[in-house]
Amino acid sequence: MDFFQDSESRCLKVHKPPGFKQKYGATDVALLAEMDERYDTPSGAVIKKLCERAYCIFNEDDYQNIANISVSHLYNLRHSAGYQKQRRTFDKTKSRKVAIGERRKPKAEGKPGYIRIDTVHQGDQDGIKGVYHINAVDEVTQYEVVLSCERISEQFLLPILTEMLETFPFNMRGFHADNGSEYINHKVAELLNKLNIELTKSRSRHSNDNALAGSKNASVVRKIFGYSHIEQHWADELNVFNREHLIPFINYHRPCYFPTTLTDEKGKERKQYHYDKMMTPYEKLKSLDRSEDYLKDTLTFKMLDNEAYKVSDNQAADKMNLAKKRLFKQINEQKKACF
């Protein structure tokens, strides 16, 4: 009984000071910060009650002053510079280290077989995922392979990557991607190691490391497939179109600019694009010195010529556009049937 009377008498000492004189100093702010840290920053009312209990019940005299604080003013102290200085800590961003692939720009040195790869997503709609386009471009010849898959999980992506590597007419030497986990993982690394293909990934703050693939995403993939949602189950039909029409067209019939790199006296490189350097990726491949040495053992330029020149550029474009029109007609009719 004497304990509660003594506690009651101590609580009677808690009173609000008159006027606008500063009531709560650096010591009170430090006690508040310490209490917030101890109790993981609960509501202001809880902290006020804890301060009252510390002084009134457990005789901790340090809390005598701050036990008088109002809940609203407690929040003012929490926003003060002194409080923030004690409680706010800053951690430097820690890079996520993945010991797969080397983080550098690949060095093709004028040889085909160093591809840049990227993913283009055909968007989501009403919670339904769209199809993914995998776009791979050779750095030297700009030979390009585009295939589609339902998802970018191991089950769907690995067969697509295997087919893409087989589709290129020359032997693969390098495989460069951004740092996305769909490519930088142990399964893809294992696939490339079996084929003796070097895996590299883009460096931090070097957006141009994979710029070639990014530019082809815009100039080829988006121009062909647009931005509208295409459901994932269309991947097989899209790949029929890709194999029969798109891949032959962009490699045998679509001219590309090829840059001439000039290095000034300071070592800075500048690229110039001349009209007389424009040619198709296949023509670029044939123009390389000792180009036949780069072809896969099962291929010859005579075989590839039969494919490249069996139809004209205009005929190839017309066939591709007609096939595209039919494909998108099916996709759009299904969309309308769902509404």
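Reader: Which residues in H2 and H3 meet each other?
Author: From H2 there are Leu-32, Met-35 and Asp-36, and they meet Ile-47, Leu-50 and Cys-51 in H3. Keep in mind that this is a predicted model.
Reader: What angle do H2 and H3 pack at, and how far apart are their axes?
Author: The angle is about 110°, and the axes of H2 and H3 are 11 Å apart. That is why H2 and H3 count as roughly perpendicular to each other, since the range for that word is 65 to 115 degrees.
Reader: Why give both an angle and a distance?
Author: Because two packed helices are described by the angle between their axes and the distance between the axes.
Reader: Left-handed or right-handed crossing for H2 and H3?
Author: H2 passes H3 in a right-handed crossing.
Reader: OK, H4 next. Which of its residues are buried?
Author: In helix H4, residues 71-78, the buried ones are Leu-74, Leu-77 and Arg-78. They cover an arc of only 105° around the axis, so they sit on the same side of H4.
Reader: Why would residues a few places apart point the same way?
Author: An α-helix has 3.6 residues a turn, so residues three or four places apart point the same way.
Reader: What do the buried residues of H4 pack against?
Author: They pack against three helices: H2 (26-38), H3 (44-56) and H5 (81-87).
Reader: At what angle do H2 and H4 cross?
Author: Roughly 95°, and the axes of H2 and H4 come within 10 Å. H2 is therefore roughly perpendicular to H4.
Reader: Which residues make the contact there?
Author: H2 supplies Val-29, Leu-32 and Asp-36, while H4 supplies Leu-74, Leu-77 and Arg-78. Four residues of this contact of H2 with H4 are nonpolar, none is polar and two are charged. Leu-32 and Asp-36 are also in the contact of H2 with H3.
Reader: What does Val-71 touch?
Author: Leaving out residues up to four places away in sequence, Val-71 touches Gly-44, Ala-45 and Lys-48. The C-alpha atoms of Val-71 and Lys-48 are separated by 6.7 Å, with the two residues 23 apart along the chain.
Reader: And where is Ile-69?
Author: Ile-69 is in the loop between H3 and H4.
Reader: Buried or exposed?
Author: Ile-69 is buried, at a relative accessible area of 0%. Beyond residues up to four places away in sequence, Ile-69 touches Tyr-24, Lys-48, Leu-74 and Leu-77. Of these, Leu-74 and Leu-77 are among the buried residues of H4.
Reader: How far is Ile-69 from Cys-51?
Author: Their C-alpha atoms are separated by 9.1 Å, and the two residues are 18 apart along the chain.
Reader: Now backbone angles. What is the phi of Gln-142?
Author: Gln-142 has a positive phi of about 60°, although it is not a glycine. Most residues other than glycine have a negative phi. Gln-142 is in the loop between strands E3 (132-138) and E4 (144-149), and Gln-142 is buried at 9% relative accessible area.
Reader: What about Arg-290?
Author: Arg-290 also has a positive phi, about 55°, and is not a glycine. Arg-290 is in the loop between helix H10 (281-287) and helix H11 (301-308).
Reader: Last one. How many helices and strands are there?
Author: The protein has 12 helices and eight strands. Of its 339 residues, 41% are buried.

How values were computed
Residues numbered from 1 in each chain as written. Predicted model: local features only at pLDDT ≥ 70, side-chain atom pairs only at ≥ 80, totals over all residues. Heavy atoms only, no water. Helix = DSSP H or I, 4+ residues; strand = E, 2+ residues; numbered from the N terminus. Buried < 20%, exposed > 50% of the residue type's maximum accessible area, 1.4 Å probe, protein only. Arc of directions from axis to C-beta. Contact = heavy atoms within 4.5 Å. Axes fitted to C-alpha atoms, helices over the stretch in contact; angles between N-to-C directions. Parallel < 35°, antiparallel > 145°, perpendicular 65-115°, else oblique. Left-handed = near helix turned anticlockwise from the far one by under 90°. Nonpolar A, V, L, I, M, F, W, Y, C, P; charged D, E, K, R; others polar.
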